[in-house]
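Let's take a walk through this structure together, from the whole chain down to a single loop. Please keep the model open as you read.

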Amino acid sequence: MSLKETYGSLGLSDFEYDRILELLGRPPNYLELSLFSVMWSEHCGYKNSRPLLGRFPNDGARVLQGPGENAGVVEVGGGWALAFKVESHNHPSAVEPYEGAATGVGGIIRDILAMGARPVALLDSLRFGPLEEERNRYLMGEVVRGIGGYGNAVGVPTVGGEVEFAAAYSGNPLVNAMCVGLIRTEDLVRSRATGEGNLVVLIGSKTGRDGIHGATFASDELTEESESRRSNVQVGDPFCEKMVIECCLELLRNELLVSLQDLGAAGITSSASEMAAKGGVGIEIETDKVPLRESGMEPYEVMISESQERMLAVVEPGKAEETLRIVRRYGLVGSVVGRVSGHGDLRVIHDEEVVGSVPAELLTDAPTYERDVVRPGYLDEVQMLDLEAVPEPEDYNAALLRMLSHPNLCSRRSIFEQYDHEVGTDTVVSPGADAAVMRIKGTGLGFAISTDGRGRHCYLDPKGGGAATVAEAYRNLSCVGAEPVAATDCLNFGSPEKKEGYYHLAACVEGMAGACEVFGTPVVSGNVSLYNETESGAVYPTPVVGMVGLLEDVRRHATPAFKRERDVVVVIGSGARVSLAGSDYLEIVHGRVAGRPPEPDLEAEKKVADLVRELVRSGFVDTAHDVSGGGEICAVAEMALAGGLGIEYEEGALERTTAPQGRADIALFGEGSGAFIVAVPEERWGDLQEAVGGDVAYGRIGTVGGERIRVGDLIDVSLPELRTAYERDLFGAPGGAEVAH
Amino acid sequence: MRIGVTIFPGSNCDRDALHAIERIGAEPVELWHADADLKRADAVLVPGGFSYGDYLRPGAIARFARVMEPLEDFARSGGPVLGVCNGFQVLTEAHLLPGALLRNTGMRFVCKRVRVRVEATDTPWTALCDPGEELTLPIAHNEGNYFADPGTLARLEDEGRVVLRYLENPNGSANDVAGICNEGRNVVGVMPHPERVSDPALGSEEGLKILRSVLAGARV
């Protein structure tokens, strides 16, 4: 193989190789080239996204740790803090869905553990192609099984998430996992290596050949050959991870560690070089001291292996023996594999001979690429929507049933019942609501978490979709009664080397960053997954936002379920902006993905969300839900189904939205209002009007009761009939009750 | 009263059980798998989880852990023992309870709340319940499908040793069995998790009845 072929096969460009020559002042050997290859991959080096990520606000009063560590950390109060991050495992899941999803969960848990926090909650954002295709059914089934197989065994509850289906994700599913950890603020750990002469200890499982060059694999498009790269996908062992969690928490409790870092993409190379670069020191790794799973492994393989369930710790020499004793008590492998030194290099030693040595800061400082942001021409075409060509449904009952049975809107019960969402006994609001609500034992405090993504919206309008994604997360937290404090993001996009892909990335980030500014929710951690493309094209641009909010009194929260007969149902927020453009209704009932969804009015949305949150926080409202996919009537139907109580719309209730546009389907199924639906007992209706005041639009739409949903002479459906449509098994026969159109 | 909670590698409901025991005013005691010592516990709870990863058969490895030696003696001499979920599986593998727990007939892990009927109140873990009382308890398992040969099942029924019975069978269990006891009635295994509904903050305290029963028994 020629030199050019060698570095090319490792994913390095001519420009990058020349830069390595220039920085080192000599040609690298194969091991050193491998180190650069993994560290300068998009996955580890963020070379296409770093300049754009700088636009996110990442500071705030509650932020204890922003981007740059294993996870972001926010202060809760009472001495508590939350560490959280979302990460993708898209490429591995495309070729080996069970292990890809499982190790995605395992990896994000270790990121949280590396901050010293106990992982307490998991969420997953998933995207698949339509379930009519067998391959997509297989991918979904295995991904869900993998998430459950790992999360259930490791003992961290999976409390929420979301899933959507679109042809753009066929063959390239998105599997994003978020983890939240709880920690006392004084116990926070950083990954900075310090103290020349301190020892580097590898903890967890043995090292094998699994996942060699996984980071490079994840930074390329998926092709037919990707299938042959199954060996790039790691295999998870949740039992071992459980032991790693308990062991590391005990080591930290006993104050045995100087610093801690998880091993993820690029294995020891990434962990050691980041620890060294952050501490301004060098780290020497003796590859022959690393406990191996198989014989004959080359030093470079040991350095870049992505074997799972491993952590790297810096330990003072006097504490090494006690550290290793505790590691053994948990049945784990522990070994001193190196030391901190003053030279600043990541130095690889094998049989007492230096086999490679590269300044750590060169590895962690990948070159960055800024490209021209060019608006793609397809946008003009897809944003055109002539409402005249979208006829009103003849049968609104049928339209509603069809909407609620569609995989994008139906109940997620058949997924979340496969996840243990209660282990840990802190889950106050289980999956199925707008956000998961967790308590902090021994306090009255709670926190809420949601993940949101709006791929179709971002495809139709990248900037507006990016902003709407953040707005959706903000609304979801607000309507359970939580104050949103910070976000983490996973940017799932196509190739940044293509004009369209780079535009999507740049415009979505701009929209998200602007919304985060308005909402006061800094981005404290995140992950980028580019090259989500198959031979038939890129996925929808799908930034996923995980947001965390706080509840001062966890008892005061709301859920969507109608709770009492005769409650008054009220829409809070203006209905004037609702539109069918880019809506679920347009896609599900009319088979079209078109139009430019209303650009969110962020200031107005914040005002409404803050008001609803205040109503919940003060204990005034216990029933709330935001209007999102499927529009007002689908939100109302979900509330009715969750509570087992029907609703009767009042005469004229639709006029608040039909008046400007004149169509009942827009009022019922239109999206983009940023509105909420709440329910309060009749006798509190007067108080509610007073509490809402004159600044925010609101309107009474109906009364809870009975076993039907009735809207004038348009809709009259029984709850059992709705339930049959809504509670379909996503793993059952393809299409289910839905008839293909 | 001291209630011990066994901790095997891979147990993951141990901390929840310890917390619930504290809530009922008893003293929780951690029983590490590698120590053959029950630390003077007056009762023992074998918690849920995936002991040793459940890679062979749930509970099949845990039964050989050192802590099981004194636990078996304790159980055979009439000490109150409650196995929850994986703990139930461990007790069947250890032959402290008859039968076995097979994979759910739906072939999926199932996590939800189910309604069960208390069929036997003459055990140390159900003494505070009323006969026929209905409880709503959480389940979370992949192997909760109770199986025993027809003779054993008939004996369990005849001797009133079915302790909890599902109202809607979630996993294919024979005779809708959700929990059973041994001949001495002191060893009980249940698939539902009482420790998960032991706090009003989580919306229900129905599980406390089961945990408090053992306290009531101790005072008699």
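Two strands count as paired if DSSP finds at least two bridges between them. Helices (H or I, at least four residues) and strands (E, at least two) are DSSP runs, numbered from the N terminus.

This is a predicted model, in which local features need pLDDT of at least 70 and side-chain atom pairs count only at pLDDT 80 or more, while totals for chains, interfaces and linings use all residues. Residues are numbered from 1 along each chain as its sequence is written, and chains are lettered from A and ligands numbered from 1 in the order in which they are written.

## The chain as a whole

Chain A holds 27 helices and 28 strands. Its radius of gyration, taken over C-alpha atoms, is 26 Å, close to the 27 Å that the globule rule gives for 741 residues, so chain A is as compact as a globular protein of that length. The globule rule is 2.2 Å times the number of residues to the power 0.38. Along the principal axes, the C-alpha atoms of chain A fill a box of roughly 85 × 55 × 45 Å.

Of the 741 residues of chain A, 63% count as buried. A residue is buried if 20 or more other C-beta atoms, placed from the backbone, lie within 10 Å of its own, exposed if 12 or fewer, and partly exposed in between. Two residues are in contact if their C-beta atoms, placed from the backbone, lie within 7 Å. Among contacts in chain A between residues at least 6 apart in sequence, 84% join residues at least 24 apart.

## The seven-stranded sheet

One open sheet in chain A has 7 strands in the order β8-β10-β7-β11-β9-β12-β13, with mixed pairing. Its edge strands are β8 (259–262) and β13 (353–359) of chain A, each of which pairs on one side only. Neighbouring strands of this sheet are turned by 25° against each other on average, direction ignored. Axes here are lines fitted to C-alpha atoms, for helices over the stretch in contact, and angles run from 0 to 180 degrees between N-to-C directions.

At one end of the order, β12 (residues 345–350) of chain A runs antiparallel to β13(A), joined by 6 bridges, and A:Val348 stands opposite A:Gly356 in β13(A). Helix α11 (residues 267–279) of chain A lies across β7 (199–204), β8, β9 (282–286), β10 (310–315) and β12 of chain A, at about 150° to β9(A).

## The six-stranded sheet

A further open sheet has 6 strands in the order β14-β15-β16-β21-β17-β18 (chain A), again with mixed pairing. The edges are taken by β14 and β18 (523–529) of chain A; each has a single partner strand, so one side of each is left without a neighbour in the sheet. Neighbouring strands are turned by 25° against each other on average, direction ignored.

Let's follow the strands in turn. β14 (residues 427–429) and β15(A) run antiparallel, joined by 2 bridges, and A:Val429 has A:Val437 as its bridge partner in β15(A). Their hairpin has 6 residues between the strands, and there A:Gly432 takes a positive phi near 115°. β15(A) also pairs with β16 (residues 446–453) of chain A in the antiparallel sense, over 4 bridges; A:Ala436 stands opposite A:Ile449 in β16(A). In that hairpin, which also has 6 residues between its strands, A:Gly442 takes a positive phi near 80°. Which way do the residues of β15 (residues 436–439) point? A:Ala436 and A:Met438 point one way and A:Val437 and A:Arg439 the other way, and all are buried.

Next, β16(A) is joined by 8 bridges to β21 (residues 542–551) of chain A, and these strands run antiparallel. A:Thr451 stands opposite A:Gly546 in β21(A). Helix α19 (residues 462–480) of chain A packs on the sheet, touching β14, β15, β16, β17 (483–492) and β21 of chain A, and its direction makes about 150° with that of β16(A).

## A loop glycine

A:Gly705 sits in the loop between β26 (698–704) and β27 (708–711) of chain A. Is A:Gly705 buried or partly exposed? A:Gly705 is partly exposed, with 15 other C-beta atoms within 10 Å. A:Gly705 and A:Glu565 are 140 residues apart in sequence and 4.7 Å apart in space, C-alpha to C-alpha.
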